[in-house]
Amino acid sequence: MVPKNPRSPSSGAMNGSCCELEDGFPAVQLFGQGVSYTYDDVILLPGYIDFPADAVDLSTRLSRRRPLAIPCVASPMDTVSEAAMSVAMAALGGAAIVHCNNAPDSQVAIVRAAKARRIPFATDPIFLSPSDSVSDFGPAAYAIVTESGTSKSRVVGVVAKSDWDGLANRNTLVSEYMRHAPVSAPASYDFEKVASFLAGGGLEYAPLVAEDGEVVDLVTKEDVERIKGFPRLGVPSLGADGRFVVGAAIGTRETDKERLEHLVKAGTNVVVVDSSQGNSIYQIEMIKYAKSMYPELDVIGGNVVTVAQAQNLIKVGADGLRVGMGSGSICTTQEVCAVGRGQATAVYKVSSFAKEHDVPVIADGGISNSGHIVKALTLGASTVMMGSFLAGSSEAPGVYEYLNGHRVKKYRGMGSLEAMTKGSDARYLGDTLKLKVAQGVVGAVADKGSILKFIPYTMQAVKQGFQDLGASSLQSAHDLLHSEVLRLEVRTGAAQVEGGVHGLVSFEKKFF
Ligand code: IMP
């Protein structure tokens, strides 16, 4: 017997006498057949709509005590999540997890840089001293001149790239052509305040200075116009300190305890213990340690794909679980190790168990379109974690290059040989092994522009998916799933072809 959807007309007075027909499969039945399904294998059957798409509420939790306005998380990978990604994600209401494939002080510097900002920035600030000369200006339009040439001293001027471009002798000392610095704005100003600060003072640019005197950035009228050109920023992710929420990854080695201490001191709001297979004594000990040392800090464990794995991490206090093994776009784990699980099955199984313990699940990897996000969230996840989906954005680390006429950015697996030379082999428990075997590749992804533009459009698409399902929020989608009102089916190969654009001689696929 199909349970009734409380919102469907057949459950009300309209035709209360009618019996509903069995149609589609509840998730518990579909995922209980011994088949490992991924997102593309399954399709969600539509429900009943009685609300507009804009009424769908996508607010959620990253971990037990960390609310987010949108269910998006940037993966702790060195070609995805550094300061610019962290700030932009938090400005949108999501979060980024700063990777740990670097020395602890470099990771801490990234977290500090992100937490010091309230405005998504396009380029890292350049600092010069008056006695410097400039050999290469880079992509920024202005450089900040401070007494000592570092961020930690007083602003004495600004150098415009256009002025430097016009120099007959590029080696001219900065002091000879720098402009007087205008009045600074507090770094704690949010976008609206900075915009009116510039407009009110008729300023082209203004340095942003933190309470402790550190110069954080230089914001320009162009930056304000650029951000105004994107969809309106949502409800930002802010911590109790009033600053943006920034997450950070740690490993499971003894030395990661010291890394953790510095990250906590820098104000990190949530940590992810980053292992490809999280059900290990090393991770269990690290979660226990982190929870006992920093009870106020939410600690996310993973990665897991089975209930047994999840159980062990929840038992020692994990506040969130990262789910996915072998589903990442750059991942060769299933090929190399023959271990993992289809992502749809993994998300459904783990989140069904984690729900009983009030532990939110992050569906990690394999997201390449908004439909995958709808499926992940509907199958029980509270957020999705993305690598390739974000790696081509202007906020991802690295520079754009041209490959066969396409503008691309490098994107690499943390288990690729290249990334592992910097320390990420620990994620695969390979740091002590003599022979290194890759579980990931190095590649490139297309330029996607700013996440400030494509994430809001993606969220709009997700809202439309939820509306089709008759789910007005993540909670309502999870209720439909577990009450078995939500129905699914497996798609044949032909159904998957039919579900995409087909039969055309040519077409242009534009998302927005
Ligand atoms: P994507 O969003 O499909 O590109 O997948 C990103 C996810 O893949 C990350 O969040 C990690 O969980 C996982 N991952 C990152 N690097 C590797 C790797 O080298 N091998 C296997 N999985 C990886």
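Predicted model: local features only at pLDDT ≥ 70, side-chain atom pairs only at ≥ 80, totals over all residues.
Colleague: How is the protein chain divided into domains?

Modeller: Domain 1 covers 54-116 + 234-498, and domain 2 covers 126-228.

Colleague: How many Å apart do the C-alpha centres of domain 1 and domain 2 lie?

Modeller: The C-alpha centres of the two domains are 34 Å apart.

Colleague: Let us turn to the barrel. In what order do its strands run?

Modeller: The order is E4-E5-E12-E13-E14-E15-E16-E17, which makes a closed barrel of eight strands with parallel pairing. On average, neighbouring strands of this sheet are turned by 25° against each other, direction ignored.

Colleague: Over how many bridges do E12 and E13 pair?

Modeller: Strand E12 (residues 247-250) and strand E13 (residues 270-273) pair over four bridges, in the parallel sense. Within this pairing, valine 271 in E13 is opposite alanine 248.

Colleague: And which strands does helix H9 lie across?

Modeller: Helix H9, residues 281-293, lies across E12, E13 and strand E14 (298-304). The helix runs at about 170° to E14.

Colleague: Where does serine 275 lie?

Modeller: Serine 275 is in the loop between E13 and H9.

Colleague: Is serine 275 buried or exposed?

Modeller: Serine 275 counts as buried because its relative accessibility is 4%, and the cut-off for buried is under 20%.

Colleague: Which residues is serine 275 in contact with?

Modeller: Leaving aside neighbours within four places in sequence, serine 275 is in contact with Thr252, Gln283, Gly302, Asn303 and Arg427. With glutamine 283 there is also a polar contact of 3.0 Å between the two side chains.

Colleague: A change of topic: which residues does UniProt list for "binding site"?

Modeller: The unreviewed UniProt entry lists Gly326, Gly328 and Cys331 under "binding site".

Colleague: Where does glycine 326 lie, then?

Modeller: Glycine 326 is in the loop between strand E15 (320-323) and helix H11 (333-337). The place of glycine 328 is likewise in the loop between E15 and H11.

Colleague: What relative accessible area does glycine 326 have?

Modeller: The value for glycine 326 is 23%, so the residue is partly exposed. Glycine 328 also counts as partly exposed, at 24% relative accessibility.

Colleague: Which residues does glycine 326 touch?

Modeller: Not counting residues up to four places away in sequence, glycine 326 touches Cys331, Thr333 and Gln334. For glycine 328, the contacts beyond four places in sequence are Gly365 and Gly366.

Colleague: Now the open sheet. What order do its three strands have?

Modeller: The order is E9-E10-E11, and the pairing is mixed. Strand E9 (185-186) and strand E11 (215-220) stand at the edges with a single partner strand each, so one side of each has no neighbour in the sheet.

Colleague: How many bridges join E10 to E11?

Modeller: Five bridges join strand E10, residues 205-209, to E11, and these strands run antiparallel. Leucine 208 has aspartate 217 in E11 as its bridge partner.

Colleague: How do E9 and E10 run, parallel or antiparallel?

Modeller: E9 and E10 run parallel and are joined by two bridges. Here proline 186 has valine 209 in E10 as its bridge partner.

Colleague: Why is E10 largely enclosed by the rest of the structure?

Modeller: E10 is largely enclosed because four of its five residues are buried.

Terms used
Residues numbered from 1 in each chain as written. Heavy atoms only, no water. Domains from an automatic or database assignment. Pairing = 2+ DSSP bridges. Axes fitted to C-alpha atoms, helices over the stretch in contact; angles between N-to-C directions. Contact = heavy atoms within 4.5 Å. UniProt positions renumbered as here; feature names shortened; annotations may be inferred. Buried < 20%, exposed > 50% of the residue type's maximum accessible area, 1.4 Å probe, protein only. Polar contact = N/O pair within 3.5 Å; in protein donor to acceptor, adjacent residues only side chain to side chain.
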